[in-house]
Structure formats: C-alpha cells, structure tokens
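Dear colleague,

Please find below the structure that I am handing over to you. My notes follow it.

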Amino acid sequence: MATVIKSITNPKLRLEILTPQEVKRIHDATLQIIEKVGVRFPSKKALEIWAANGAKVDFEKNIVRAKPHLIEAALKKCPPAYPLAARDPGQDLPLDGNHVFVGTDGCGVEVLDIQTGQRRTSCLQDVADIARIADATEEVAFHWVPVSAQDQPPATRGLHEIKAIWENSTKHVQTESIYHAREAEAAIEMAAAIVGGRGKLRQRPVLSLMQCSAPPLGHDGGSLEAALLAAEVGIPTGFMTMAACLTTGPATLAGTLAVGNAEVIAGTALLELAYPGAPVFYAAAQTASDLRNGAYTGGGPEDFLFGAATNVLSDFYHIPLSMGSFATGAKEPNWQAGLENSLSTFMASIVMSDMLLGVGLLHGSRIWSYAQMMMDCEIFSIIRKVMEGIVVDEETLALDTITAVGPGGNFLARKHTLAHMREVFLPEFMDRRPYNEWESKKDDARDWALAKARNFLSAHQPEPLEPKLSAEMARIIAAAEKN
Amino acid sequence: MSNELFQKMAQSIIDGDSDAAVALAEQSVSSGLDPLQAISEGFVVGVNKVGESFAAGQAFLPELVMAGEAMKAAVATLEPEMKKRGSERIMLGKVVLATVEGDIHEIGKSLVGTMLSASGFQVFDLGVDVPTAKIIAKVREVDADMVGLSALLTTTMVKQKEVIDELDKQGLRKKVKVIVGGAPVTRDWVQKIEADGYSEDAIGAVAVAKGLVGA
C-alpha cells in the first residue's frame, strides 16, 4: 500500500525576507565574484566545457572566470519546474514552486540503535531500516541516503546504499553520497533498470543527484564529473553550498550568501552549458561557524535566515531549491533539537523551498535518531498546518452557530463543530495529559516517537522491488566493484 | 627601550597585525636584539594573552587564528637571524599535516596547523588530496614526531588507516604519533585504526598533540 505524501501547498503565510533590490545586489555581487575572483573547477572535462564556451580558464590552477552574460544566458536554460519521479508514480513529487516536500537527512556516520539505544557506527542495514520507516510515514516524501553504509567497500558504497533504499521504499531517491564518475555511471544504470532504459530517465527520473561544493568558491572534481553524467541523461542534479560564516564564508550573512551563490550558480551554469535544459536544482545549507571552536553548528538564527533567504535566490533563477533545515546541532533529542528544527523548517517553508533536508539526524547531521526522525516529521506537520493560515469566510466565521450558542453556552455539541473539528491539529508527541497521568509514567515525546518508529519497522511492508530488478542492481554493483 | 619594544611585539600579536609584527621583528634584528629573546619576551607574551582571553570566553576563534598568523610571520622574519647566530627555537615537536588522498576539504586541517604552530610545534602542511606515499616520505624527510590526518568523507577516512598501516610496515609507527580528525571521525573509528589521538576541533587538537609529546 503506497503511503499518501503530505506536502505544504497553497500557503496563506508570506514573508519578504529580501527585497527585489537586495536580491539584485546579491546577484550582481555573485556575478562579480565569478568574473573577477573566479571559481575552482578541478576537472579537466569541466574546464574544457568552460573554455569552449568562452570563459577565461586557468588550467593550471583550475580557476574559471566567466562574464556575467555567459552565466545569465546559461541559467536561462534551466527548466523552472519538473517532477521527481518515484518507483510508484502515485508518489511523484512536482517541483513546481507550490509544494514543499521533506526528505530524510543524510550522510550520518553513527546510529542510535532502534532496539538498544546504543550509539554505534552506521551500516547498510541501517540504510534499509530507515528507508522502510520513511516509506511508512506520510511526511517523508523522498530519501537522502540517511547514514553511510560503512560496512560496504568505499568505492561502491553509494550504490549499495541506493539499492537498499529502493528495496525498501517506493519513494524518490536523491543521493548525496555518490561523487565519482564511475559510481555515478553505475547509479544511472541502476535507475535506468527501474524505468526500463536510460532514454526514459528524463521523463521518469527516479533518482536525483546532490553534490556538495567545496566552499569558499570551489567544487570537487569527482562531484563535477558525476553531476555532468547525470545532467546528460536528464537526472535532476543540484549543487549544495554549505558555506559557513567566519570560516568558509565572510562573517556577514549577505557575503556568505554571495559566496555560496557563486558556487551554486557557476556549477549550475556549467551543467546548462554542457546539456542545455538539463533539470537542475539549487541546494544549500549555509550556517555560521561557532565563534569559539569554528564548528559546524547545524542551527541558530543565522541558519534560520539563510533558510528563508536562499529560496528567494533560487526563485530569482527560476530553479527549484533543496534546502537544509532540521539537522540540529543537539547531541540528543532535546530542547535545542526541537527549537532549531522547528525554526529552521518554518523559515525554509514559509518561502516555499521545494525540498527540505531533512529528518532524523543529530549533532550536525552525524548521529541518526529514530525518535528524532519521528518528532521531525511532526514538526513538519505542525508547520504545514500553520502555513495554511486562517481562512476567513461565511462558513469559518460561523455566525449562525455563535448566535445559536449565545453568551455562556459551549460549542461542543454543534453540527458546525462536528464538521470542522478535524481541522484542529492533533499532535502525537505533545504531552497534553493530566499531570497525574504523566507523573505515574514519566514518559514523553521521545518514548512515543521511538515506539512509533519501532512499530513501523516491524509492521510496515513496503511494496517490494521486483527480484529481477534487485538482481540486476546487484549485477551492476558487482561489475562496478571489479573496475 | 627594549621593554617598550617587547610590549609592542606582544600587542601586534594580540591585534593579529602581521604587518606590524614583521616590522617589529625587523626592527629587533637591526637593533641587534637576540631573536630568541624577541620571541620569548615579546611575541609569545602576546600569544599567551590571546590564549588566556580565549579561555576566559572574551576572545574568539578568528582572533586566535589572526594571532597565530602574526606569530608565524614574526618568527619567519626572525629565522634568518637565528640561523646566522646558530641559535634554534626549542619546539614541542615536528608535525606533518595532510588531508588524505581523494579528499579536498582543507579548513579543519589548516586551522589545526595554525593552532599547532602558534603553540610551539613545527608544522609541515602538505595540503589536500595527499597520497599516503607522499605523507610517509615527508615524515622521513623531516624526521617527524607526529602526523595529523584529516578526512571529511566516510569514503576517504579509510586512508587514515592506510597511512597508519604504512607507517607500521615501514617500522616508523613506534616513533611517530598519529592524530586524526574530520567530521565523520568518531572515537570508535580512532580505536579501530589505533590512532594515538583525535579531536573534534582545532583547539582540542593542541591539547591532544601536547599530551602526546609530554608537553
């Protein structure tokens, strides 16, 4: 049974975080950076594409400097809307500017074991288990590779990971952990097997690829070549900046936005120069480094502002956005986790970021927590409810009912109440019990969230991947392992 | 006179002003001051002051880094004079630093380098994407006491183990301490590859390194 997918759509809430003039200034600064300072593209293939298109290329230092018109013309080729396909077409996700979808967070290295609670190194079975639980939720619309399958060989780890997800879920898979051409080639072959040929991937991209940039102002060679391969066959591809104030970006937010924007739009322009019309997305998870130790913080007011500002930039370029929200810096599901994940996700949602990454990880995307995953899902549901805003019309003003009840009565036993009561949000993880009941149990959201995850894991049966496809994927991985 | 110069030297470090630190170092050389004295009574006093304010929560990481850079610039300016006099600064140890092969992430490793050199280690930073053989060659070349290996990816982290295994194979492991770092590095990993130490940030790395050389 395919799970219904919840998304934020037709929102009533609005926020203007940057004026059009401010966006233009950031854009102009970005173009100036790309033209004068340059961006590092450590890939011969990428440098040659730039050179063939008239950019100034320093082949020795791998630096590309491109005139504004070259970048702007390339960005005009980006398709503004397209769907992310799922194994189950009923779970396709339209990236059309009017939907916000949530994925799992990714690249964790440890897991709080679902049975014992012990922290341990992540493995392939964790990827499979998390995918199965995500498949069961209504909130998780697509998958990132949640944790690293560290029991698999490094060269093909990314392939084992996406196979495990497809075997446990019918939802779209976006991988952030394939960053070499040879691995990307095999991943494309695996996706092609699902849809019945490489030629069908453009219409039904069941896989998308996210590549991290290397801030400030750089890219990784393997990432670039993997992205180019994906763009060639029409697999949606995005570059993510994680520029951080103080360390890999200026201390100021505007400056860090410009640095990250230069990385992302230069990378995106490369893909469009090579393969005009290739489906691309903007991806970002900027933050501010901690003032004391320089650490990646994974939360805080700067993150919340970046979360809202970045979609204004991606809208300016008419490309969908995959935005880092959630991903608290907290070490366990606690006050900080609730605060950071709620605010970051609210700010990224109110501007209608197309994809949000993602649920489940603690300690700056390092430690997987099943309880946090479930609570993050509820945070998204709450924000989704808030985004609906307040509807004011004859029916919702309920004047007839108010008149009938009059002063001193109550509204419980009214038809109007019965008709609308299910619009009131019913939380799963908020404690609204009488005090005495709490006192006798002393349990809380974390216990209930973990129980829900355990229940999903034991009870949910995802629609299986055909054994033939599993075998074909295994064959592709085995072949890649030989190379 | 000298006293005032020492104070200015310390202040240039506190201000993170590399240009001023270099000018003061040059001035001290031309006035015939012993460079070791310029370091210990001038510049190092500044480094210690910044360290103290940092520990007290009054100074932040950028100030530490700027002080470290100014210190490095001052010492580099004094080096020719030290050589001429045949005097040598007593260092805590020689550290070869690198981000492992296949990994281009630089910032954490560079921060550790700055902190270690500001704390009295001699640092040889090989940069990013450094093959194991090159790291080992450098260890031999400079007769290093310690190797620091950075990795940001779970797929490149395995190279930290490769370097340790290679040091072992070449009979260098007993002599050379290995410290590792990077976002995916956990205590379990450190135990598994039998590294000597790790830290989650650059400040902590200094304490770990000092501990390993018994300073």
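How are α11(A) and α16(A) oriented to each other: roughly parallel or roughly perpendicular? They are roughly perpendicular (65 to 115 degrees), as helix α11 (residues 370-387) and helix α16 (residues 445-459) of chain A pack at an angle of about 100° with axes 8 Å apart. Axes are lines fitted to C-alpha atoms, for helices over the stretch in contact, and angles run from 0 to 180 degrees between N-to-C directions. Helices (H or I, at least four residues) and strands (E, at least two) are DSSP runs, numbered from the N terminus.

This is a predicted model, in which local features need pLDDT of at least 70 and side-chain atom pairs pLDDT 80 or more, while totals for chains, interfaces and linings use all residues. Residues are numbered from 1 along each chain as its sequence is written, with chains lettered from A and ligands numbered from 1 in the order in which they are written.

In chain B, an open sheet of 5 strands has the order β2-β1-β3-β4-β5, with parallel pairing (at least two DSSP bridges between two strands). β2 (121-125) and β5 (197-198) of chain B stand at the edges, each with a single partner strand, so one side of each lacks a neighbour in the sheet. Strands β1 (residues 93-99) and β3 (residues 146-150) of chain B are joined by 5 bridges, and B:Leu97 stands opposite B:Gly148 in β3(B).

Between the chains, 17 residues of chain B are in contact (C-beta atoms, placed from the backbone, within 7 Å) with 18 residues of chain A.

With kind regards

Definitions and conventions
Parallel < 35°, antiparallel > 145°, perpendicular 65-115°, else oblique. Contact = placed C-beta atoms within 7 Å.
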